[in-house]
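Please look at the sequence and the model first.

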Amino acid sequence: MWKASAPSNIALIKYMGKESGGENVAVNPSLSMTLDAFRTQVEIEKIGEEGPDRWRQLANTDPLRASSTTRFVNFFTKLKIEQGISGAFEIRSGNNFPSDAGLASSASSFAALTLAAYEAFSSLASRPLPSKAEMALKSRTGSGSSCRSFFGPWCAWEGKSIGAVESGLPPLVDLVAVMDGGFKKVSSSDAHRRVQSSPLFEGRVDRAQKRMREITGALSEGHFQKVAEISWAELWDMHSLFHTAEPPFFYFAPETISVLRWCENFWEKNGRGPIATIDAGPNVHFLVPESATEEYRRELESLPGLRVMESRA
Ligand code: PMV
């Protein structure tokens, strides 16, 4: 049996929009921080010489949607064939964070699956493990954002280049304000396609590239406020693409707006505050210096309609 685990990640410069062709080639660069506490565990076991591969949930973990498990197994089978490996396998997986929390799990799932699969293939075929960068590129074909889970705490992904990025910031903690969306979700795959109909999509690649240059500079200089300003602009840019697509769609819950307003007021009042970002969902991620975690946690917990989850990089 082969096992692996991988963390999720949260992007400050967002991967949004992909080239046609089905290989998850992003139209723009992105940058993320790994979330070490939000992990997927994967186990792979050979169950026979032939027959289909199958999936089972790891004990004591939340069930996944049937559509995501099919995509998961298909990705494994494709990889297995590509690598010239025969036999039927059982893949068991589970997250250590609740799947109803709206925290992206495809990044950690596909990264852990790719790692465990290559462990299995290498040992079955007695060949060395590919490099982390090669595995990350392969994982990207299953779920784009998963390639950033291979490098931490900060990772940049641009075209075929994926790697760690220097940071002069103190260690950060991600406090996630989790709320109930209570509406029909648009999957990130649909979002990648639908944003291209927005009139704001023109110029999007240039804007993301410019922010990418600026944020990598600000990160290496340890310039917290600049990182926060760029992340704030990027959050509104991506969500504006959603809001102006044809037809428009949106993820915000009423509490999303309240907590963003809280963040804006906090910065105005104190001249400091968290780095805020939002994925394709209603939850708001606040990256805060580890030393100030309790202060921010208390502030967030005093706001109605949300609960707070926490992960270190
Ligand atoms: O990897 P996907 O296809 O689930 O896309 C992720 C898209 C965002 O989470 C919205 C942004 C990002 O860069 O992670």
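In this predicted model, helix 5 covers residues 204–221.

Which residues of helix 5 are buried? They are Arg 204, Ala 208, Arg 211, Met 212, Ile 215, Ala 218 and Leu 219. Seen down the helix axis, these buried residues fall within an arc of 145°, and therefore line one face of helix 5. Asp 206, Arg 213 and Glu 221 are exposed and sit on the face turned away from the buried side. Just after the helix comes Gly 222, with a positive phi of about 70°.

Helix 6 (residues 224–243) contains Ser 231. Ser 231 has a relative accessible area of 0%, so it counts as buried. Leaving aside residues up to four places away in sequence, Ser 231 touches Leu 12, Ile 275, Ala 276 and Thr 277.

Another pair of helices is helix 7 (residues 254–270) and helix 8 (residues 293–301). They pack with their axes 11 Å apart, at an angle of about 135°, and are therefore oblique to each other. The crossing of helix 7 and helix 8 is right-handed. On the helix 7 side, Val 259, Trp 262 and Phe 266 meet Glu 295, Tyr 296, Glu 299 and Leu 300 of helix 8.

How values were computed: Residues numbered from 1 in each chain as written. Predicted model: local features only at pLDDT ≥ 70, side-chain atom pairs only at ≥ 80, totals over all residues. Heavy atoms only, no water. Helix = DSSP H or I, 4+ residues; strand = E, 2+ residues; numbered from the N terminus. Buried < 20%, exposed > 50% of the residue type's maximum accessible area, 1.4 Å probe, protein only. Contact = heavy atoms within 4.5 Å. Expected span 1.5 Å × (residues − 1). Arc of directions from axis to C-beta. Axes fitted to C-alpha atoms, helices over the stretch in contact; angles between N-to-C directions. Parallel < 35°, antiparallel > 145°, perpendicular 65-115°, else oblique. Left-handed = near helix turned anticlockwise from the far one by under 90°.
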